[in-house]
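Subject: Structure handover

Hello,

Here is the structure we talked about. Please open it alongside this email; my notes follow.

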Amino acid sequence: MKTQHFQKRITDHDFVLEEEIMERMHFQDGITLVAGVVLIAAPFVLAITPPEGMGLALLIANFVASGAAAIILGAAALFYFHKWEEWLGIALGVWLVASPWILGFTYSQSAMWTAIACGAVIAAMGGWRTVEENGERAY
């Protein structure tokens with residue numbers, strides 16, 4: 001009898017933990033994480049040829065650093081949600097959308113559109129989660 005009670009308590013506890021984990025996990029965080037992986041891979045996969053006198057170091061550093069930040073934000077939000085993580089995601093997305101003009105790599109259409117697309121996705125996912133957490137339905 002005591003063993004059955006103990007097993008029931010463990011099972012109930014596991015169910016509660018599983019439920020808490022599912023409440024914290026949102027697909028938007030996974031999409032942010034995937035966008036980060038795309039950003040890190042992009043400069044090595046895309047055939048980017050800079051104009052004469054321009055290097056790729058700044059473009060690569062931007063993509064790798066922004067991608068790493070997106071991966072960290074997405075992974076952290078999967079485990080424990082903080083509103084500031086979503087706001088950082090929005091800021092990161094806005095930076096990525098503006099970065100082709102700020103850093104001057106509009107010469108590469110593929111790099112420019114990758115930054116814009118990933119930035120828009122990251123900002124949208126952060127905004128969506130922020131609206132959801134404020135008690136409103138975003139869909």
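Val97 is partly exposed, because its relative accessibility is 31%, which falls between the 20% and 50% cut-offs. Note that this is a predicted model. Val97 sits in helix H4, residues 83–102. Leaving out residues up to four places away in sequence, Val97 touches Ala115, Ile116, Gly119 and Ala120. Met112 is 15 residues from Val97 in sequence, with 8.4 Å between the two C-alpha atoms.

Now the overall layout. The protein has 5 helices and 0 strands. Along the sequence the pattern reads α-α-α-α-α. Of the 139 residues in the protein, 32% are buried. Take the contacts between residues at least 6 apart in sequence: 69% of them join residues at least 24 apart. The accessible surface comes to about 8500 Å². Carbon and sulfur atoms account for 69% of that surface.

Next, helix H3. H3 has 23 residues. From first C-alpha to last, H3 reaches 33 Å, close to the 33 Å expected at 1.5 Å a residue. Its buried residues are Leu59, Asn62, Phe63, Ser66, Gly67, Ala70, Leu73, Gly74 and Ala77.

Two of these deserve a look. Asn62 lies in H3, residues 57–79. Why does Asn62 count as buried? Its relative accessibility is 7%, and buried means under 20%, so Asn62 qualifies. Setting aside neighbours within four places in sequence, Asn62 is in contact with Trp95, Leu96, Ser99, Leu103 and Phe105. Leu59 has its own set of partners.

How many residues does the largest nonpolar core have? It has 15. Those with the most contacts inside this core are Leu39, Leu59, Phe63, Leu92, Phe105, Ala111 and Ile122. H2, H3, H4 and helix H5 (109–133) each supply at least two residues of the core. As background, nonpolar side chains in soluble globular proteins tend to be buried together.

On to charges. How many salt bridges does a search of the whole structure find? The search finds 1. Asp29 pairs with Arg129, and the closest N and O atoms are 3.9 Å apart. Are Asp29 and Arg129 buried or exposed? Both Asp29 and Arg129 are buried.

Last, the surface. Phe27, Ile31 and Val121 form a nonpolar patch there. Together they have about 230 Å² of accessible area. Phe27 belongs to helix H2, residues 27–45. Phe27 counts as partly exposed because its relative accessibility is 47%.

For a quick tour in the viewer, three stops. Start with the salt bridge between Asp29 and Arg129. Then go to Asn62, buried in H3. Finish at the patch of Phe27, Ile31 and Val121.

Best wishes

Terms used:
Residues are numbered from 1 along each chain as its sequence is written. This is a predicted model: local features need pLDDT of at least 70, side-chain atom pairs count only at pLDDT 80 or more; totals for chains, interfaces and linings use all residues. Side-chain values use heavy atoms; hydrogens and water are left out. Helices (H or I, at least four residues) and strands (E, at least two) are DSSP runs, numbered from the N terminus. Buried means under 20% relative accessible area, exposed over 50%, partly exposed in between (1.4 Å probe, protein chains only). Contact means heavy atoms within 4.5 Å. Patches are made of residues with over 30% relative accessible area and no salt bridge: like charges are joined within 9 Å, nonpolar side chains (Val, Leu, Ile, Met, Phe, Trp, Tyr) within 5 Å. Accessible areas come from the Shrake-Rupley method with a 1.4 Å probe; for residues, only the protein chains shown count as cover. A salt bridge is a side-chain nitrogen of Lys or Arg within 4 Å of a carboxyl oxygen of Asp or Glu. The expected span of a helix is 1.5 Å times one less than its number of residues. A nonpolar core is a set of buried Ala, Val, Leu, Ile, Met, Phe, Trp, Tyr and Cys residues joined through side-chain atoms within 4.5 Å.
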